[in-house]
Amino acid sequence: MKSILFSSLAAAMLLFHGSLFAVELPKQAEELRQEAEKIRSKSPWLAQIWPGFWPENQPFIVFNTVGETLLFTTDEPLPGYEAKHSNYYYYTERLPNTTDFAYFINYPLPNNQLATAVRIHDLNSEVIDTLLHEAFHGYQSLHFNNLHASSFLEPSYFSEPTVRGLLRFQFSLAQKAHAEQGEELVRDWLTFRVAFQHAIAPEIGELLASFEHLEGTAHWVGIQAAYAEHSRNQLGDFLRHFQARFENSNHVRTSAYATGAFLVDILNEYSPDDYDWRAQLEAGNTPLALAVELFDIDPETAMNEMNALLERHNSNYRNRLMALPL
């Protein structure tokens with residue numbers, strides 16, 4: 001049963017909407033104001049996505065390409081603001097130590113506040129998606145254990161056609177399981193994931209699982225924030241349009257945004273109500289490990305079923321792959 005409810009979102013947004021910016025800020029701040037207003041209007045919903053991560057009065061920063069900045073905080077702001085309304089502070093120049101990069105994680109504010117800053121231009125996704133995704137990385141750095149997804153593997157790990165084929169197949173099976181929303185397909189994908197991690201270099205399987213832990217959870221938080229009840233469609237678009245080449249570690253990392261978010265969706269969908277899977281992820285367990293435990297998948301059984309899964313879901317993959325080291 002899903003632990004996140006959408007029913008209160010509309011009412012909460014109406015409560016926040018209309019209370020902001022009763023006094024006009026400078027005209028050049030209008031675009032920043034609009035984005036800040038969108039974010040603040042969703043604050044009650046954002047607080048539900050991952051309890052403890054984004055309280056309703058979480059400070060944040062939006063800025064544009066010329067450096068104009070709007071800070072929201074209910075605490076002490078940075079000095080040097082040109083205009084103020086309620087808890088919004090407008091700065092005409094770039095904040096200290098920020099750069100042209102599209103975001104800044106854990107920007108320090110007075111009184112030990114930490115805010116994520118995000119540029120509102122040149123983003124391929126919703127501002128709130130990027131803001132919450134990057135802010136969650138800041139939260140991970142303080143609250144998650146065993147995040148080891150910073151290392152990359154040598155290209156030689158991906159030189160074997162079998163390895164690339166298995167990675168492509170497991171991704172295609174994830175696409176299918178997500179699109180058709182069937183519990184048996186989810187089980188088949190998880191079973192294959194367990195088996196293929198024993199059939200290839202363990203470093204590759206570990207790399208994918210760790211990227212899912214780091215990037216997949218942040219991606220899930222970002223799309224939940226931006227798309228709420230439509231987040232499943234957004235994730236489906238990502239899965240459908242990803243070019244599954246798997247020729248290097250970066251391809252594995254990019255794919256993990258989608259498969260990791262799907263694994264978190266599985267945990268949210270199938271976990272018992274009294275099971276705190278978020279706490280388990282924070283404790284250092286990967287989304288894959290928790291999903292495999294939830295579905296009670298045995299590694300030896302998974303290995304025995306590997307070829308049958310290849311045949312069942314796509315015989316073309318089975319015909320093209322070299323003999324597997326089972």
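In the hairpin of strands S1 and S2, where 5 residues lie between the strands, Gly 67 adopts a positive phi near 100°. The model is a predicted one, in which local features need pLDDT of at least 70 and side-chain atom pairs count only at pLDDT 80 or more, whereas totals for chains, interfaces and linings use all residues. Residues are numbered from 1 along each chain as its sequence is written, and side-chain values use heavy atoms, with hydrogens and water left out.

Strands (DSSP runs of E, at least two residues, numbered from the N terminus) are taken to pair if DSSP finds at least two bridges between them. On this basis S1 (residues 60-63) pairs with S2 (residues 69-72) in the antiparallel sense over 4 bridges, and Ile 61 stands opposite Leu 71 in S2. S1 also pairs with S6 (residues 113-119), here in the parallel sense and over 4 bridges, with Val 118 of S6 as the bridge partner of Val 62. In a regular strand the side chains alternate between the two faces of the sheet. Both faces of S1 are covered, since Phe 60 and Val 62 on one side and Ile 61 and Phe 63 on the other are all buried (under 20% relative accessible area, 1.4 Å probe, protein chains only).

S6 is likewise mostly covered, with 6 of its 7 residues buried. S5 (residues 103-109) runs antiparallel to S6 and is joined to S6 by 5 bridges, Leu 109 standing opposite Gln 113. The two strands form a hairpin with 3 residues between them, and Asn 111 in the turn has a positive phi of about 60°.

Notes. Buried means under 20% relative accessible area, exposed over 50%, partly exposed in between (1.4 Å probe, protein chains only).
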